[in-house]
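Subject: Structure for your files

Dear colleague,

Here is the structure I said I would pass on. My notes on it come after the display.

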Amino acid sequence: MNDENTSGGARSFRLHNTTVPARPLEPALYLVATPIGNLGDITLRALETLAGADVLACEDTRVTRVLLDRYGIQNRPFAYHEHNADEAGPRLLQALEAGRSVALVSDAGTPLVSDPGYRLAQQAIEAGYRVVPIPGASAPLAALVGAGLPNDAFLFAGFLPAKDKGRRDRLAELAVVPATLIFFESPHRIAATLAAAADVLGGERKAAVCRELTKTFEEFRRGTLTELAVFYEAAEHVKGEIVLLVGPPAESVAAEADVEAILADLAGTMPTAKAAAEAARITGLSRKDLYQRLLDMKERHG
């Protein structure tokens, strides 16, 4: 591992045509946010940290090298990712033990958000080392402020399960959370995820698909879950990184007695599954839970 900064003692970064010296860093693990697309979205503090760290760890050295070259940083990145964490993690902790400064970056955005950096930070904290966040770009927050959905309360839920049942079960768990839900999703699964979300959470729930944030082809597509599901079912060759946001459920969640009355009324005019789906749309409650409640009601009343 490169446990010394390789800039030959001249630790610096470049802004336009000006070389800026980087001050020495105190021993600590620095978690440095990097741009999610546009390389201009980097803070001065992040540049100084990347240039001044004794050890620079990253997910993919090729990706990080592009950023370092843009700003004239000579520090050589060292790979730390989910496939080598068992080997690389202890070496980074050894660097901290030796009194060196260690900077950690992900390929894009804020470290520890859906990447293995959490494990290293946890180990550093348990060992008594200082952990310093260097804030900056974040895909979930960029999507939240541009989506036009309520942002007084939000829940970042990472990636949904790849299989349909697991995906629907997880959505059901989150159905009544009184907050805007934020997910990462892949282009080839977005249509299936939107269809499941419309079914489980209710098709009228407001949502936004945020694609290629801060990049040339940045796109915000807003609408109800049903509208977005229909659009992406017909869309061809969806590309790019995606953040999916789903607005909170309706503010007025029906009381227990009202729920039973709604279920009883709907069950008298439509099949059980359809009645549960319609009740979910009306109440904002989980379709799966309402379906089970309907079965229990039918068993109680014969």
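This is a predicted model: local features need pLDDT of at least 70, side-chain atom pairs count only at pLDDT 80 or more; totals for chains, interfaces and linings use all residues.

Residues are numbered from 1 along each chain as its sequence is written, and side-chain values use heavy atoms, with hydrogens and water left out.

Sheets

Helices (H or I, at least four residues) and strands (E, at least two) are DSSP runs, numbered from the N terminus. Two strands are taken as paired if DSSP finds at least two bridges between them. Contact means heavy atoms within 4.5 Å. Axes are lines fitted to C-alpha atoms, for helices over the stretch in contact, and angles run from 0 to 180 degrees between N-to-C directions.

Strand 4 (residues 55–58) and strand 5 run parallel and are joined by three bridges; in strand 5, Pro77 is the bridge partner of Leu56.

Another open sheet of five strands has the order 8-9-12-10-11, and its pairing is mixed. Strand 8 (154–159) and strand 11 (219–224) are the edge strands, each pairing on one side only. The twist from one strand to the next averages 20°. Helix 5 packs on this sheet, touching strand 8, strand 9, strand 10 (206–211), strand 11 and strand 12, and its direction makes about 60° with that of strand 11. Helix 7 (residues 190–201) lies across strand 9, strand 10 and strand 12, running at about 10° to strand 12. Strand 8 and strand 9 run parallel, joined by four bridges. Phe154 has Thr180 in strand 9 as its bridge partner, and Phe159 stands opposite Phe184.

Buried parts

Buried means under 20% relative accessible area, exposed over 50%, and partly exposed in between (1.4 Å probe, protein chains only). Six of the six residues of strand 9 are buried, so this strand is largely enclosed by the rest of the structure. Thr180, Ile182 and Phe184 point one way, and Leu181, Phe183 and Glu185 the other.

Ser138 is in the loop between strand 7 (131–134) and helix 5. Ser138 counts as buried because its relative accessibility is 14%. Leaving aside neighbours within four places in sequence, Ser138 is in contact with Ile36 and Thr110.

On a 1 Å grid over the protein atoms alone, a cavity is a set of points where a 1.4 Å probe fits but cannot get out; a pocket is an open set with protein on both sides within 12 Å along at least five of seven lines; lining residues have an atom within 4 Å of a point. Grid points are joined across faces, edges and corners, and a volume is the space filled by probe spheres set on the points.

The largest pocket holds about 800 Å³. Its lining has 39 residues, with Ile36, Asp107, Ala108, Gly109 and Glu241 nearest the centre. Helix 2 gives the largest share of that lining, four residues. The structure has one cavity of 30 Å³ or more, and the largest cavity holds about 50 Å³.

Regards
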